[in-house]
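Please look at the sequence and the model first.

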Amino acid sequence: MDPERKPSMELVRSGRLLEVDGEKKSGLPGISAVKDKKSRSPVLLSCGLFVAAVTLLLYCNLPVPLIFQSRMYVESSAVVSRIDGDASISRSSTETRKPQDPTLGGLLPDLSEFDSGGSCKSRSQQPHRKNYFQPSNELIRRLRRYEARHVKCAARAARNFFQPGEFQDDDCRYVVWTQASGFGNRMITLVSSFVYALLTDRTLLVERTEETAVLFCEPFPRASWLLPSEFPVEFIYSLNETSPHRFAHNFTDDQGGRDNSTETADFSYINLTWTHDDEDNTFFCDENHVQLERVPWVFMRSDQYIVPSYFFLSRFTSDLGALFPDKEAVFNLLGNYLFQPSDAVWPRITRYYRSYLANYDRFLGIQIRTYQAKSPLPNFSQQLQQCILQNNLLPKVVADGDSVDISGLREPKNGSTAVLVTSLDSYYYDNLTEYYLSGPTENGESVTIHQPSHDGAQQTGVASHDLKAWAEIYLLSLSDSLIISGWSTFGYAANGLAGIRPWILPNVNDDRVHDPPCVYAKSVEPCNFAFPFRLFKCPSKDVSDDRNFTFVQPCVDYTDGMKLVNESSSLEERTQFWREH
């Protein structure tokens with residue numbers, strides 16, 4: 001069934017009539033319901049008797065002939081949940097819904113703070129996730145303070161930048177996020193930039209890209225987070241490795257000196273992309289932030305989750321401890337604060353979830369991304385299956401299906417699990433589906449597999465592709481359990497929003513299957529794959545102070561990367577790691 005359609009269906013196995021697109025139909029494939037009760041044609045009368053007979057069999061708990069069961073239990077998309085007028089997301093149409101706090105414990109502003117004429121349905125229809133972290137009182141206080149500052153300073157941004165001599169506004173300083181890399185990278189770097197804004201009392205403005213302008217709701221009440229349209233695209237493009245405003249680099253005139261043709265406010269460009277060097281990494285030295293404090297505008301471009309590095313800046317340590325006493329909650333809290341799906345994306349999410357994922361006892365998300373030219377990879381498919389079965393994430397399939405009593409398959413004995421596979425390729429979905437079609441599960445559990453799209457290749461910046469990416473990240477974030485691919489910011493964004501620790505599949509560099517096939521993450525937080533070890537050469541850094549290493553550990557999928565954790569490793573492990581680096 002096309003997820004874009006809006007069917008209204010009762011479960012087939014209920015034995016009641018279905019209502020599809022407003023038309024009454026029988027609960028069995030190919031049998032039309034009697035629309036006109038006065039009609040007494042033999043064919044319609046026979047159909048009615050037939051439906052009544054099957055309904056009686058189901059009501060009396062008698063076996064239904066296999067021909068009527070096959071579609072229900074073989075085709076993963078044949079069982080569809082009812083969709084009614086309520087567009088909010090919940091696990092089951094029959095579950096008892098608890099009142100959902102739309103502010104997520106005070107994290108989000110009250111709905112009344114937003115323009116009533118604006119559109120953002122997802123803001124008032126928060127999903128019933130079980131894994132939200134509780135925001136600290138200090139974080140709630142600082143967010144409300146930030147929102148008040150944003151209203152004032154966002155409105156003045158263009159004049160403050162382009163007319164600095166005429167307008168001197170010491171109360172407003174800015175950090176501007178500029179895009180780099182794919183959709184997952186953009187999400188984790190937006191959170192990184194917002195943390196910097198909170199720590200330095202700056203106002204966050206974001207480059208006007210397709211996803212920020214169209215795919216996300218405005219996160220701050222009564223003011224936009226988009227960079228004013230007065231900032232030309234050419235100006236953003238001019239911020240690169242040769243920019244005379246590049247932080248910690250002194251260029252001579254022939255290397256691209258300062259352009260004085262247009263007077264602007266003083267600003268610095270922070271380059272933390274894959275082209276960064278040791279000078280760029282001095283951004284993480286305390287002494288250099290004394291200089292940055294005097295700069296009213298900071299333009300930041302990164303492709304990494306740099307939040308772990310902030311914990312090594314002594315000027316931020318106290319604030320970070322008060323804002324995030326739970327160190328692995330940073331992305332979950334601020335990601336759910338910043339990223340609400342827009343009305344262009346939300347209907348796609350709700351239709352797909354409630355059509356294919358809602359009426360199950362469990363929901364497993366699987367995110368597959370490989371980086372080899374040769375794709376798909378049969379060994380990676382084997383690795384995924386071993387990860388699933390060795391960690392009891394799904395039941396095994398019984399090889400000899402003939403020994404199973406088929407009458408017992410009408411209702412799953414031990415619950416049901418929906419599996420959502422997201423990948424650029426359909427190969428992994430096909431293999432997993434084939435495995436669960438090859439025989440019944442050993443415990444009688446029902447397993448259905450779904451994949452929303454498979455575009456073949458990443459298409460960064462293509463609006464339709466980015467819309468699918470955001471919808472699928474959000475759907476994955478509703479999972480009870482998650483398997484993600486190593487090195488993937490797409491997967492890290494999903495598990496960060498979900499607030500759950502994922503199983504991580506090590507990246508495949510050859511034709512072998514890793515042992516173990518996957519590793520349970522040490523934290524909910526994303527990995528910083530380009531951790532700036534240069535910061536330990538900062539003049540003010542005391543590398544002998546063990547407190548620097550309390551809340552970080554090497555990532556399980558990339559040992560040169562770092563992530564925030566609550567449980568620190570042993571002193572011996574930390575000492576060995578830092579000695580190697």
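**Disulfides and a buried valine**

The S-S torsion of cysteine 153 and cysteine 172 is about -80°, so this disulfide is left-handed. A disulfide here is a pair of cysteine sulfur atoms within 2.5 Å. The model is predicted: local features need pLDDT of at least 70, side-chain atom pairs count only at pLDDT 80 or more, and totals for chains, interfaces and linings use all residues. Residues are numbered from 1 along each chain as its sequence is written, and side-chain values use heavy atoms, with hydrogens and water left out.

**Overall pattern**

- Searching the whole structure gives five disulfides.
- Counting bonded cysteines along the chain, the pattern is 1-4, 2-3, 5-9, 6-7, 8-10.

**Cysteine 153 and cysteine 172**

- The sulfur atoms of cysteine 153 and cysteine 172 are 2.1 Å apart.
- Cysteine 153 sits in helix α3 (residues 137–162) and cysteine 172 in the loop between α3 and β3, so the bond ties together parts 19 residues apart in sequence.
- Helices (H or I, at least four residues) and strands (E, at least two) are DSSP runs, numbered from the N terminus.
- Cysteine 153 is buried, at 0% relative accessible area; cysteine 172 is buried too, at 3%.
- Buried means under 20% relative accessible area, exposed over 50%, and partly exposed in between (1.4 Å probe, protein chains only).

**Cysteine 387 and cysteine 518**

- This disulfide has its sulfur atoms 2.1 Å apart.
- The angle about the S-S bond of cysteine 387 and cysteine 518 is 85°, and the link is right-handed.
- Cysteine 387 belongs to helix α12 (residues 378–390) and cysteine 518 to the loop between β11 (503–505) and β12 (519–520), so the pair ties together parts 131 residues apart in sequence.
- Relative accessibility is 0% for cysteine 387, which is buried, and 5% for cysteine 518, also buried.

**Cysteine 527 and cysteine 555**

- The S to S distance between cysteine 527 and cysteine 555 is 2.0 Å.
- Their S-S torsion is about 95°, so the disulfide is right-handed.
- The pair links distant parts of the chain, 28 residues apart: cysteine 527 is in the loop between β12 and β13 (552–554), and cysteine 555 is in the loop between β13 and β14 (562–564).
- Both cysteine 527 and cysteine 555 are buried.

**Valine 176**

- Valine 176 lies in strand β3 (residues 174–178).
- Its relative accessible area is 0%, so valine 176 is buried.
- Leaving out residues up to four places away in sequence, valine 176 touches Leu205, Leu227, Trp297, Val298, Phe299 and Met300; contact means heavy atoms within 4.5 Å.
- Phenylalanine 194 is 18 residues from valine 176 in sequence and 9.6 Å away in space, C-alpha to C-alpha.
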